[in-house]
Protein chains: 2
Amino acid sequence: VITPPSTDVAARARQRLNGLATPPGALGRLGELAVWLAATTGRVPPPELRDVRLVIFAGDHGVAAHGVSAYPPAITAAMVRTFLSGKAAVSALARAHGVRVRVLDLGVDDDLADVPAAVRRFKVRRGTRPIHIEDAMCSMDTRKALAAGSAVALDEIAGGAQLLISGDMGIGNTTAAAAMVAAGLGLPASEVTGRGTGIDDIAMARKTRVVEKALHRVGGRADDPVETLSALGSADLAAATGYLATAAEAGVPVLLDGLMSVACALTAERLAPGAANWFTAGHRSTEPAQAFALSKLGLEPILDLNMRLGEGSGAVAAVPVLRSAVTLLRDVALLSEITPG
Amino acid sequence: VITPPSTDVAARARQRLNGLATPPGALGRLGELAVWLAATTGRVPPPELRDVRLVIFAGDHGVAAHGVSAYPPAITAAMVRTFLSGKAAVSALARAHGVRVRVLDLGVDDDLADVPAAVRRFKVRRGTRPIHIEDAMCSMDTRKALAAGSAVALDEIAGGAQLLISGDMGIGNTTAAAAMVAAGLGLPASEVTGRGTGIDDIAMARKTRVVEKALHRVGGRADDPVETLSALGSADLAAATGYLATAAEAGVPVLLDGLMSVACALTAERLAPGAANWFTAGHRSTEPAQAFALSKLGLEPILDLNMRLGEGSGAVAAVPVLRSAVTLLRDVALLSEITPG
């Protein structure tokens with residue numbers, strides 16, 4: 001069980017919040033986020049968020065060859081290169097908001113021999129097997145990926161990260177993530193399956209059947225989070241899960257993104273109960289499985305902008321809202337300082 | 001009638017949006033905001049928002065002496081001084097997000113002799129009369145305040161403002177603004193009245209009766225927006241209305257804040273039909289009148305964080321979301337540039 005953020009620090013932060021030269025409660029969610037950031041960083045007021053880091057876990061998914069996505073699998077490798085060139089949507093958002101981006105190939109079905117070796121350092125495998133037919137990968141690959149994510153989190157924390165974000169890239173990954181959420185919550189395929197990058201009704205029916213078959217195939221093994229990752233997940237999703245669990249264990253706050261990030265957060269909470277106290281939700285995506293998982297984790301998203309891009313983009317867009325929360329607790333006068341007479 | 005933003009520029013912006021290396025529609029509201037910013041600035045892609053300006057219109061309200069607020073009227077002048085010292089909530093948010101703040105005393109019930117003359121340059125009067133008993137001010141004061149707001153908008157635009165925000169300060173101002181919204185939309189007091197800074201049930205009942213009496217007293221005069229401002233508004237609210245109408249007339253985009261800003265936007269739209277095309281809504285406050293007015297204006301707020309602070313704070317917190325929108329249209333690769341093969 002993960003040690004929760006300090007209730008003592010939270011109480012002191014709330015006391016400061018209540019003393020600000022603003023009507024009680026008038027800061028709404030910004031006040032709550034400020035208290036959470038104080039508790040998770042252990043400081044009142046919380047520190048300025050100068051060092052925020054996004055790690056994008058990339059990997060291919062065997063189901064992508066089975067008509068569940070609007071895009072061909074080759075897009076995964078192309079997008080890894082686009083992240084590295086700084087021309088992806090999340091790259092632009094991260095530059096705009098001062099967030100560092102690290103891209104890691106955990107399971108892209110491409111050698112990516114042209115990209116820096118550091119990007120491939122934690123590569124576990126090329127793609128996964130189609131989850132409606134067989135397990136995505138063996139449990140040794142899952143363990144390797146979990147350990148890789150864990151090592152990455154410790155590495156970023158040692159480098160000075162004050163707040164961590166997990167991002168994703170992988171054609172077919174919403175199929176795997178929806179299946180993971182269904183497995184974790186005991187929900188049917190019809191409720192968790194969403195349109196991902198924007199599939200039509202025919203592909204949607206196919207995707208739902210893939211999730212359904214995968215869940216049926218896996219059966220009671222879904223009760224175990226590691227088995228869930230091996231059977232339904234992927235190296236990239238297992239790594240993100242390890243990263244999130246380790247961030248929580250190390251006592252570093254995490255800002256979650258869309259479906260993949262939240263599916264991994266749910267799995268991290270299953271692996272390490274209490275981890276979710278260290279997480280806050282950056283945005284509400286259009287994927288139904290994300291909403292179910294957020295609700296289970298007790299998290300309310302900061303932004304709700306109908307985004308469904310992945311990459312970590314929704315979380316990065318929410319970073320300035322956290323900075324708003326921080327500055328309120330740091331830089332606003334106390335009512336006692338300004339009241340006349 | 002106000003000239004709308006260019007549909008031609010909007011079409012070109014949408015074309016660029018659809019060509020980005022992201023699935024169609026995946027950017028959600030950020031894509032829509034980028035198109036709106038392109039249309040209102042006349043440029044594809046829209047410019048980086050380096051010069052965003054908030055003007056806070058301050059004034060006292062006669063109803064504040066009648067038990068409608070949780071705070072005494074003296075807080076208005078104290079908060080003007082707090083803005084000037086940079087220690088208010090909105091000051092901190094504005095610094096964090098690079099927004100310039102200008103504070104103007106339009107109708108504070110205090111000489112404010114200690115503050116810079118520039119702050120008092122447009123002062124129309126000290127406070128208003130209680131609107132449930134008599135008109136807030138004479139029509140000459142309303143005209144002066146409208147002209148002042150208009151001059152301020154032109155001044156800020158001449159100074160280089162790319163985006164304008166209106167903020168407010170004035171104990172009792174949610175009573176006046178709720179009455180203005182009720183007058184503009186033909187709604188009863190019971191539907192528009194909210195808890196403002198956080199009043200209890202007794203004050204809430206009193207506030208609702210004040211709004212009810214004011215609406216009954218004014219009757220059919222509420223059909224005219226200028227009469228509405230004289231009867232139910234204030235110098236600060238009339239100035240904000242003039243400021244918003246003139247920004248729209250000058251073709252400069254505006255980011256609205258909470259109830260006061262949106263009540264004035266509704267009044268500006270009544271004075272200058274089409275003005276609302278130049279407005280977008282920064283946040284949803286907890287005030288019911290704000291929700292009714294936004295709905296009438298066809299605006300969906302960017303943020304929904306249960307804030308009810310005023311000052312322009314919710315709009316300033318939304319500025320980084322507009323910057324996210326801008327960078328996506330400016331700095332992301334086109335799909336045609338990155339597709340393999």
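In this predicted model, helix 3 of chain B covers residues 74–85, and its 12 residues should span 16 Å at 1.5 Å a residue; the end C-alpha atoms lie 17 Å apart, which agrees. The buried residues of this helix are B:Ile75, B:Thr76, B:Ala77, B:Ala78, B:Met79, B:Val80, B:Thr82 and B:Phe83. Their cover includes elements of both chains: helix 15 (335–338) of chain A, together with strand 1 (52–59), helix 4 (89–96), strand 2 (99–107), helix 5 (117–120) and strand 3 of chain B. After helix 3 of chain B comes B:Gly86, with a positive phi near 75 degrees.

Helix 7 of chain A, residues 173–185, has 13 residues and reaches 18 Å from its first C-alpha to its last, close to the 18 Å expected at 1.5 Å a residue. Helix 7 of chain A is mostly covered, with 11 of its 13 residues buried. The buried residues run from A:Asn173, A:Thr174 and A:Thr175 through A:Ala176, A:Ala177, A:Ala178 and A:Ala179 to A:Met180, A:Val181, A:Ala182 and A:Ala183. Just after this helix, A:Gly186 takes a positive phi of about 70 degrees.

The relation between the two chains comes next. In general, two copies of a chain are related by a rotation about an axis and a shift along it. Here chain A can be laid on chain B by a turn of 180 degrees and a shift of 0.0 Å along the axis, with an RMSD of 0.0 Å. That is the relation of a two-fold axis. Of the interface residues of chain A, 100% are also interface residues in chain B, so the copies meet through the same surface.

Helix 14 of chain B supplies the largest share, 6 residues. By class, the lining of the largest pocket holds 6 nonpolar, 4 polar and 6 charged residues.

The second largest pocket contains about 310 Å³ of space. This pocket has 19 lining residues, of which A:Glu32, A:Val35, A:Trp36, A:Asn277 and A:Phe279 lie nearest its centre. Helix 1 (7–19), helix 2 (29–41) and strand 5 (279–281) of chain A are the elements that give two or more residues to the lining of the second largest pocket. Helix 2 of chain A gives the most, with 6 residues. The lining of the second largest pocket divides into 10 nonpolar, 5 polar and 4 charged residues.

B:Gln162 is placed in the loop between helix 6 (139–158) and strand 3 (163–169) of chain B.

In chain A, A:Arg125 sits in the loop between helix 5 (117–120) and helix 6 (139–158). Its relative accessible area is 17%, so A:Arg125 counts as buried, the cut-off being under 20%. Not counting residues up to four places away in sequence, A:Arg125 touches A:Leu106, A:Gly107, A:Val108, A:Ala136, A:Met137, A:Cys138, A:Asp141 and A:Ala235. Its C-alpha atom is separated by 9.5 Å from that of A:Ala145, 20 residues apart along the chain.

Some backbone features remain. The peptide bond from A:Val44 to A:Pro45 is cis, with omega near -10 degrees, and A:Pro45 is in the loop between helix 2 and strand 1 (52–59) of chain A. In chain B, the bond from B:Val44 to B:Pro45 is cis, with omega near -10 degrees, and B:Pro45 is in the loop between helix 2 (29–41) and strand 1.

A:Glu311 has phi near 75 degrees, a positive value in a residue other than glycine. A:Glu311 is in the loop between strand 7 (303–307) and helix 14 of chain A, and counts as buried at 2% relative accessibility. B:Glu311 also has a positive phi, near 75 degrees, and lies in the loop between strand 7 (303–307) and helix 14 of chain B. At 1% relative accessibility, B:Glu311 is buried.

How values were computed:
Residues are numbered from 1 along each chain as its sequence is written. Chains are lettered from A and ligands numbered from 1 in the order in which they are written. This is a predicted model: local features need pLDDT of at least 70, side-chain atom pairs count only at pLDDT 80 or more; totals for chains, interfaces and linings use all residues. Side-chain values use heavy atoms; hydrogens and water are left out. Helices (H or I, at least four residues) and strands (E, at least two) are DSSP runs, numbered from the N terminus. Ala, Val, Leu, Ile, Met, Phe, Trp, Tyr, Cys and Pro count as nonpolar, Asp, Glu, Lys and Arg as charged, and the others, Gly among them, as polar. On a 1 Å grid over the protein atoms alone, a cavity is a set of points where a 1.4 Å probe fits but cannot get out, and a pocket is an open set with protein on both sides within 12 Å along at least five of seven lines; lining residues have an atom within 4 Å of a point. Grid points are joined across faces, edges and corners, and a volume is the space filled by probe spheres set on the points. Copies are superposed by least squares on the C-alpha atoms of residues with pLDDT of at least 70 in both. Contact means heavy atoms within 4.5 Å. The expected span of a helix is 1.5 Å times one less than its number of residues. Buried means under 20% relative accessible area, exposed over 50%, partly exposed in between (1.4 Å probe, protein chains only).
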